[in-house]
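Biologist: I would like a close look at a single part of this model, followed by an account of how the rest is arranged around it. Please keep to what can be read from the coordinates.

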Amino acid sequence: SDYPITFDDSYYMSFEVSEEIKTLAINEGSSNKYLNSVFDGLPYHSLDNIPINRIDYSKFGTYKLIVLNDVTSITTGLATELENFVLGGGNVLCFLSKNLDKNSYNNFLNRMAADEIIQLDSQEKEVARINEDEFIFKEVFEKARSNRKLPKSQVSFKMTSYQNRDRDVLVTNRDGSPYLLKYARQGGHLYVCTSPMDVKSNDLALNAEIFVPMLYKMSISSQTTEDMALTIGKDNLVSVSKQSEDQDITYIVKGEEEFIPGQRRSKSMMLLDINNQIKKAGYYDILLAGKTIKTIAYNYDRIESDLSASSSDELVYENPKLTSLNGNQEANLAQMISEKDRGKQLWKWCLILALVFLGIETLLLRFWKA
C-alpha cells in the first residue's frame with residue numbers, strides 16, 4: 001500500500017450456490033408416486049406436493065420448477081402467478097390432463113405465448129426422436145439410440161403450430177406430432193407435455209432413462225445470468241427475487257457502510273437502486289428482516305487498466321499548445337524545450353543585421369558622389 005494512492009489489485013466476485021433445489025408439484029388429485037421417487041433419489045433436490053385448492057402463491061419464488069399434475073382447469077389467478085414465476089426465471093412443466101378444460105388452458109397458454117390445444121387424440125403414439133442438441137437432453141445419453149426404450153402414449157392432445165411462437169420441440173412422436181415442447185419467456189421456460197402424467201395414458205414416468213434426467217435438467221435450467229462482479233458507479237440496479245408480497249418490507253445493504261437502497265417492484269423481482277452509495281470495493285450483503293438473502297461484489301472501475309493511448313495528432317487537436325515530435329525528426333530536444341520555456345532568442349540576428357546595414361552605409365558614404 002502506498003497511501004494515498006489506491007490500487008485495485010483485488011477483484012471481488014460472488015455467485016449463488018443453492019443448498020437445495022426445490023420443486024413444487026400442484027396436484028388435482030393425489031400426488032404422483034413416480035415423481036416423488038425421482039426427487040427422493042436426487043441429492044440436493046426436494047419436492048413439495050400441494051393440492052390445487054391450497055396453493056400459497058407467496059412461496060412460488062422459493063422454487064426452481066413447478067409441475068402441474070392432472071390439473072383440469074387453470075384459474076386466472078394461477079395463470080397470472082405462473083406467468084410471473086416464469087418471467088422471474090422459474091420453470092413450469094405442464095402435463096396436459098385428460099379431462100382438462102380447454103378454454104382455461106388455452107387462456108393460460110396464450111398468456112405464455114405458447115401454442116393452443118386443438119383436441120384430444122386417443123390414438124396410440126410412440127416417441128421416435130429426442131432433440132439431444134437442446135439443453136434438457138444434451139450429453140444425457142451414452143448408449144446407442146437403437147437400444148433406447150422410448151415412451152408411448154395412449155392419449156395425447158393435438159396442438160397448433162403457430163410460426164410466431166418461440167418454441168423448441170424436445171421430443172417428437174413417430175407421426176411427427178410434438179410430445180414435449182419448450183417455450184422460452186424472458187428468464188424462464190414453460191415445458192408442455194402433450195400427454196398426461198398418468199401411466200395408463202403415458203408411460204414416460206416408467207421410463208427412468210428419460211424421465212429422471214428430464215426432471216433434473218428442467219429444475220436447473222435457466223435463461224437468467226447474473227453478473228458475478230459489479231462496478232462502482234455503473235451497476236446501480238441489483239435484482240433480487242421477491243421474498244414477500246408485503247409492501248412494507250425494507251431491504252438493507254450492509255458492507256463497509258449500511259444503507260437502505262431504493263426499491264422498485266416488478267411482477268416477480270425486486271429491483272434495488274444503489275444510487276452510487278457504494279464507494280469502496282468489496283462484498284456487500286443484502287438483508288431482509290436481518291437475514292442475508294444475497295451477497296454482491298463491487299469493484300473499482302478497471303478503466304485505469306486501459307493501455308490504449310491517443311495519437312499525437314489527436315493530442316495536438318485537443319490542445320493546440322502542444323508540440324508533437326515524431327521519431328523521424330532529428331532535433332535538439334533541450335533547445336526546443338528552452339525555446340518553449342523562454343521563447344526564441346533573436347539578438348544574434350539583430351546584431352548581424354545591424355553590422356550589415358552599417359557596412360552598407362559606410363560604402364555609400366565613401367563611393368556615392370552627389
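Which residue of E17 stands opposite Arg265?

Modeller: The model is a predicted one. In E17, the residue opposite Arg265 is Met270. The two strands concerned, E16 and E17 (residues 269-273), run antiparallel and are joined by 4 bridges. They belong to an open sheet of 3 strands in the order E13-E17-E16, with antiparallel pairing. E13 (237-241) and E16 (262-265) are its edge strands, each pairing on one side only. From one strand to the next, the twist averages 30 degrees.

Tyr298 in E19 is the bridge partner of Leu230.

There is a further sheet, an open one of 9 strands, in the order E2-E1-E3-E4-E11-E10-E9-E6-E7 and with mixed pairing. Its edge strands are E2 (45-51) and E7 (152-153), each of which pairs on one side only. E1 and E3 are parallel and share 5 bridges; in this pairing, Ile26 faces Leu68 of E3. Helix H4 (residues 208-220) packs on the sheet, where it touches E1, E2, E3, E4, E6 (125-130), E10 and E11. The direction of H4 makes about 145 degrees with that of E4.

As a general point, nonpolar side chains in soluble globular proteins tend to be buried together.

The surroundings of Ile26 can be listed in detail. Leaving aside neighbours within four places in sequence, Ile26 is in contact with Ile50, Ile52, Ile55, Phe60, Ile66, Val67, Leu68, Asn69, Val71 and Leu78. Phe60, one of these, is also part of a cluster in which ring pairs link Tyr57, Phe60 and Phe85.

H3 can be described through its buried residues, which are Ser104, Tyr105, Asn106, Phe108 and Leu109. The buried residues of this helix pack against H2, E4, E5 (117-121), E8 and E11. Just after H3, Ala113 has a positive phi of about 55 degrees.

Aromatic pairs number 5 in the structure. The pair of Tyr12 and Tyr283 is edge-to-face, with 5.2 Å centre to centre and 90 degrees between the planes. This pair links distant parts of the chain, 271 residues apart: Tyr12 lies in the segment before E1 and Tyr283 in E18. Tyr12 counts as partly exposed because its relative accessible area is 24%, and Tyr283 is likewise partly exposed because its relative accessibility is 45%.

Phe137 and Phe141 form a stacked pair, 6.2 Å centre to centre and with 15 degrees between the planes. Phe137 is buried because its relative accessibility is 0%. Phe141, at 16%, is also counted as buried, because the cut-off is under 20% relative accessible area.

Two lysines lie over aromatic faces. Lys22 is over the face of Tyr63, 5.1 Å from the ring centre. Lys217 is over the face of Phe135, at 4.5 Å from the ring centre.

Methods: Residues numbered from 1 in each chain as written. Predicted model: local features only at pLDDT ≥ 70, side-chain atom pairs only at ≥ 80, totals over all residues. Heavy atoms only, no water. Contact = heavy atoms within 4.5 Å. Buried < 20%, exposed > 50% of the residue type's maximum accessible area, 1.4 Å probe, protein only. Pairing = 2+ DSSP bridges. Phe/Tyr/Trp six-rings, centres within 6.5 Å; stacked < 30°, edge-to-face > 60°. Lys NZ or Arg CZ within 6 Å of the ring centre and 35° of its normal. Axes fitted to C-alpha atoms, helices over the stretch in contact; angles between N-to-C directions.
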